[in-house]
Amino acid sequence: MLDKGKGMGSPASGSSPNTFQRFFQSEVSGSILLLVCSVVALIWANSPWAESYHHVLHEHIGLNWGPEGATSFDEVHNFSMSLHHWVNDGMMAIFFFVVGLEIKRELLVGELSSLKKSALPVGAALGGMLVPALLYTFLNFGGPGMRGWGIPMATDIAFALGALSLFGSRVPISLKVFLTALAIVDDLGAVVVIAIFYTDTISIMALAVAAAFLSGIFVANRMNVRHTGIYLLLAAAVWVAVLASGVHTTIAGTLIALLVPVRAKIDPREYLKLCRGRLNELEAAEFTRDSMIGDQKQLEDLSDIYVASEDMIPAGVNLEHRLHPITTFIILPLFALLNAGVPIDFESLSEAPITVGLGVMLGLIVGKQIGVMLFSWLAIRSGLAAMPAGVTWGQLWGVSCLAGVGFTMSLFVSGLAFTDQAFDSQSKLGVLAASAISGVLGYIVLQKKLSPAVD
């Protein structure tokens, strides 16, 4: 789930194969960087320099303000968090903003925009969340590790698509679309789970303030306000208010994204008519690099084309396109570097029930396969969905194995579920081990079930 960065023009939005190929390649390169950062973190945290790793994690960054020369607690104010919290609570909010844009796009114009198109990936995703959570709960019911039931629900799209890319042209495009849509639904499930089940204390006043600033974004958009700075200020205010409310700040990113338009503001025919008219006027005039400087009419024509072009490109699609490289190549690698560094100390790990790690592994390795396959079969058998073109049950099985690569979101939920270091470390080691095993299983199954490459 959550790593889930998907770029503009994902296959689920009905884009051309070339566009999807660019998206697919970005996920592949992102998964390689994620893997490198994870390995570096794991080695660093268990090396003679482990102390420096934890020092970096807990290094505080922020602002101090107050009267000059003030020293007392009442006079000096500060807003600071550790680097670990800035990444998990701050930068990951941007990642969830991109996730929210993807969810909204798919719900309105993509693979989730109709029952027939969405039935199979939605059903598969629901099964892939419910069965792992139930298996984990079965092993930890009534115990201190019960709170981690949400950890094995996740699918990491970057790693899953990265594994799928190893087969090149042997992979049907419809199978890639299915996996992408499944992961997007998985993201939506993660957002709901975090918002409802991993929020301990809530400040109603802070939530009311957040709602007021969200309303401000909505009103500014309806009034066609174009100044980016206004939206950035309002978004920052929403983030601070949600942070103060006790609800995890990643929810702020998702809520803001749902207010961003993903459809063009004007009709394409209107756009073409306006552009043709203005271009004809410019062509008929003595239009040069210098003429527009003193010709008000030429400036107005150019401005009309510029504004219309802005309205033709949906803000959500534009933002997703611009932010996707940032989340893929900066935010998620930083997250992996600061969260995958699990100290492997068997004495401290034994302080947590072994069922925590086993529950995570059982959920991701076994639960994902059972849930995705069973619910896919039910959706197709009931007539609500059809098997994707060119895809076999064996290939779906291979994808269900890859769905067990939880990584980013699983690590994220683990940090929310457990404050105890032993529990957190054991669950994260379970995530890393299960993700590796699921990736290998998926590769083995798909190697056998995909058609041979055609020269």
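So, helix H15, residues 354–381, gives the nonpolar patch its largest share, five residues. This is a predicted model, where local features need pLDDT of at least 70, side-chain atom pairs count only at pLDDT 80 or more, and totals for chains, interfaces and linings use all residues. Numbering runs from 1 along each chain as its sequence is written, and side-chain values use heavy atoms, with hydrogens and water left out.

The patch itself is Val366, Ile370, Leu374, Trp377, Leu378 and Trp393, with about 520 Å² of accessible area together. To get into a patch like that, a residue needs over 30% relative accessible area and no salt bridge, and nonpolar side chains (Val, Leu, Ile, Met, Phe, Trp, Tyr) are joined within 5 Å. A salt bridge here is a side-chain nitrogen of Lys or Arg within 4 Å of a carboxyl oxygen of Asp or Glu. Areas are Shrake-Rupley with a 1.4 Å probe, and only the protein chains shown count as cover. Helices are DSSP runs, H or I, at least four residues, numbered from the N terminus.

Take leucine 378, in H15: it's partly exposed, at 40% relative accessible area. That label sits between buried, under 20%, and exposed, over 50%.

Now, H9, residues 250–258. Seven of its nine residues are buried, so the rest of the structure largely encloses it. Thr250, Gly253 and Ile256 are among them. And what covers those buried residues? The cover includes H3 (83–109), H6 (173–197), H7 (204–222), H8 (228–245) and H17 (407–417), with contact meaning heavy atoms within 4.5 Å.

Technical notes
Patches are made of residues with over 30% relative accessible area and no salt bridge: like charges are joined within 9 Å, nonpolar side chains (Val, Leu, Ile, Met, Phe, Trp, Tyr) within 5 Å. Helices (H or I, at least four residues) and strands (E, at least two) are DSSP runs, numbered from the N terminus. Buried means under 20% relative accessible area, exposed over 50%, partly exposed in between (1.4 Å probe, protein chains only).
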